[in-house]
Amino acid sequence: MEQKTKVTAEDGKQEMVITREFDLPVELLFKAHAEPGIVEQWMGSKVLKMESKKHGSYQLQKTDAQGTVLFGANGVIHEFSPNRKITRTFEMENTPFGVQLEIYEFEKLTDDTSKLTMHVIYESVAQRDQVLQLPFAQGLNYAHNQLQDIVSKLR
Amino acid sequence: MNLRRDVFQAIADPTRRAILLLVASQSLTAGAIAANFDTARPTVSKHLQILTECELLQQEQNGREIYYHFNAKKMKEVADFIEPFRKMWDDRFNKIEVIMKQYKTKK
């Protein structure tokens with residue numbers, strides 16, 4: 001079966017392309033990226049700020065039950081063309097991953113289907129590769145934090 | 001070198017993943033690694049041996065001590081290293097479809 005979400009990251013390049021076809025009209029696909037209340041639901045992070053307009057900025061944050069910040073990210077919006085395109089920067093706070101440039105293109109396929117193409121450009125090949133490995137690293141972090149919890153209880 | 005050891009086998013174990021995380025940020029001796037775990041020292045040694053055999057860790061002699069380094073290059077060779085990332089986005093996009101279909105019916 002062909003995968004719905006495709007990630008293309010050619011060796012030695014500092015960019016990647018993520019594509020996905022949605023069983024949604026392009027207006028709803030765009031709305032899911034523009035409205036803070038909806039972004040919160042699928043990103044799994046709190047949206048502290050999201051000004052969906054040219055020169056606007058946004059801020060995302062994820063905290064654990066104790067209120068400790070697990071993840072923070074922010075960026076500025078360079079282009080905001082409804083149902084067509086969003087160009088923005090994205091930066092994960094307190095990480096060495098630098099700032100990435102994200103170009104989201106929204107495309108109508110039929111009245112009820114649409115396509116998203118995310119073109120992401122990193123500062124270097126090394127940074128792109130680190131970000132690609134992040135979900136694995138987060139798994140590591142999680143395992144490590146659990147371990148620390150257990151160990152600190154024993155002390 | 002034990003050829004039965006492969007990278008996937010190595011990263012399947014949570015303690016070994018935690019060891020990789022530790023060593024990824026700085027090179028450490030076996031003793032320093034073991035100090036982070038509530039596991040018997042020989043067990044940690046066994047984990048280090050497995051990680052070294054599949055080349056995720058590299059040993060380097062520094063004076064009288066042996067330091068373990070994280071071999072990021074080997075990690076990259078893991079054929080599916082992109083898969084967790086793709087899966088993360090796939091999950092997010094699936095959520096978008098579910099959430100937005102509710103808006104569709106509301107219209």
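Axes are lines fitted to C-alpha atoms, for helices over the stretch in contact, and angles run from 0 to 180 degrees between N-to-C directions. The structure is a predicted model, in which local features need pLDDT of at least 70, side-chain atom pairs count only at pLDDT 80 or more, and totals for chains, interfaces and linings use all residues. Residues are numbered from 1 along each chain as its sequence is written, while chains are lettered from A and ligands numbered from 1 in the order in which they are written.

**Exercise 1.** Describe how α2(B) and α4(B) pack.

*Solution.* Helices (H or I, at least four residues) and strands (E, at least two) are DSSP runs, numbered from the N terminus. Helix α4 of chain B covers residues 41-53, and α2(B) packs against α4(B) at an angle of about 70°, the axes being 10 Å apart. α2(B) is therefore roughly perpendicular to α4(B), a term for angles of 65 to 115 degrees. Next, the residues: α2(B) supplies T15(B), R16(B), I19(B) and L20(B), and α4(B) supplies H47(B), I50(B) and L51(B). Two residues are in contact if their C-beta atoms, placed from the backbone, lie within 7 Å. By class, the residues of this contact are four nonpolar, two polar and one charged; Ala, Val, Leu, Ile, Met, Phe, Trp, Tyr, Cys and Pro count as nonpolar, Asp, Glu, Lys and Arg as charged, and the others, Gly among them, as polar.

**Exercise 2.** Determine the strand order of the sheet in chain B and identify its edges.

*Solution.* Two strands pair if DSSP finds at least two bridges between them. The sheet is open, has three strands in the order β1-β3-β2, and pairs in the antiparallel sense. β1 (28-29) and β2 (57-62) of chain B have a single partner strand each and stand at the edges, so one side of each lacks a neighbour in the sheet. Six bridges link β2(B) with β3(B), which spans residues 65-70; I66(B) in β3(B) is the bridge partner of Q61(B). Finally, helix α2(B), residues 14-25, lies across β1, β2 and β3 of chain B and runs at about 100° to β3(B).

Key:
Angles under 35 degrees count as roughly parallel, over 145 as roughly antiparallel, 65 to 115 as roughly perpendicular and the rest as oblique.
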